[in-house]
Amino acid sequence: MSDAFLTTLLPQLASGAAHTHALGFQYEGLEGDRVRLRLPYREDLVGDPETGVLAGGLVTTLLDHVGGLAVWVGLKTYQPIATLDLRVDYMRAAIPGRDLIAEARCYRLTRSIGFVRAWAFEDDPADPVAAAQSAYVISAEGDHRAGANLRGKTSRAAGEAA
């Protein structure tokens with residue numbers, strides 16, 4: 001993985017998009033193959049004013065985004081990706097007034113899919129607010145037409161032995 005990708009592009013991908021910037025996502029760094037984001041607590045991100053707990057959709061967005069970053073870390077470069085599947089298990093409410101941290105790790109890459117596990121917590125990853133399991137489609141490099149990911153498999157599809 002190039003130093004430029006780690007020091008320049010990955011932090012920009014973490015918080016440079018309009019929605020991630022508006023939500024306040026902050027790149028915390030990379031430890032091995034785990035990428036980390038921080039979401040500073042803000043009153044305008046609260047889902048229930050009576051409790052002060054952050055909105056659940058915000059937690060989902062954070063886990064989805066850190067998961068995408070983990071795919072890019074696994075690929076060791078930027079390539080277009082899209083969320084294919086995302087399951088979030090909420091274990092408890094986030095503590096009001098506290099920043100939320102999210103970590104993710106891409107544990108398997110195929111030619112077209114990245115598989116990720118992610119979790120959100122305040123201080124201790126062993127006490128998560130939520131955990132996610134997700135899959136991301138990796139765009140075929142240089143070819144974005146329908147069926148481009150099938151190139152090279154047409155002979156097998158026609159019944160020929162591989």
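**Histidine 65 and its surroundings**

Modeller: Let us begin with histidine 65, which touches Leu13, Ala14, Thr20, Phe25 and Leu37, not counting residues up to four places away in sequence. Histidine 65 belongs to helix H3, and the model is a predicted one.

Colleague: Why is histidine 65 called buried?

Modeller: Its relative accessible area is 14%. Buried means under 20%, so histidine 65 counts as buried.

Colleague: What makes leucine 109 partly exposed?

Modeller: Leucine 109 has a relative accessible area of 31%. The term covers values between the buried limit of 20% and the exposed limit of 50%; therefore leucine 109 is partly exposed.

Colleague: Where does leucine 109 lie, and which residues does leucine 109 contact, leaving aside its neighbours within four places in sequence?

Modeller: Leucine 109 is found in strand S6, residues 100–109. Its contacts beyond those neighbours are Val71, Gly74, Leu75, Gly114 and Ile138. The C-alpha atoms of leucine 109 and valine 71 are 7.9 Å apart, although 38 residues separate them along the chain.

Colleague: How do you know that the span of helix H3 is close to the expected one?

Modeller: Helix H3, residues 56–75, has 20 residues and reaches 29 Å from its first C-alpha to its last. At 1.5 Å a residue, 28 Å is expected, and the span is close to that. Just after H3, lysine 76 takes a positive phi of about 65°.

Colleague: How many helices and strands does the chain have?

Modeller: The chain has four helices and eight strands. Of its 162 residues, 37% count as buried.

Key: Residues numbered from 1 in each chain as written. Predicted model: local features only at pLDDT ≥ 70, side-chain atom pairs only at ≥ 80, totals over all residues. Heavy atoms only, no water. Helix = DSSP H or I, 4+ residues; strand = E, 2+ residues; numbered from the N terminus. Buried < 20%, exposed > 50% of the residue type's maximum accessible area, 1.4 Å probe, protein only. Contact = heavy atoms within 4.5 Å. Expected span 1.5 Å × (residues − 1).
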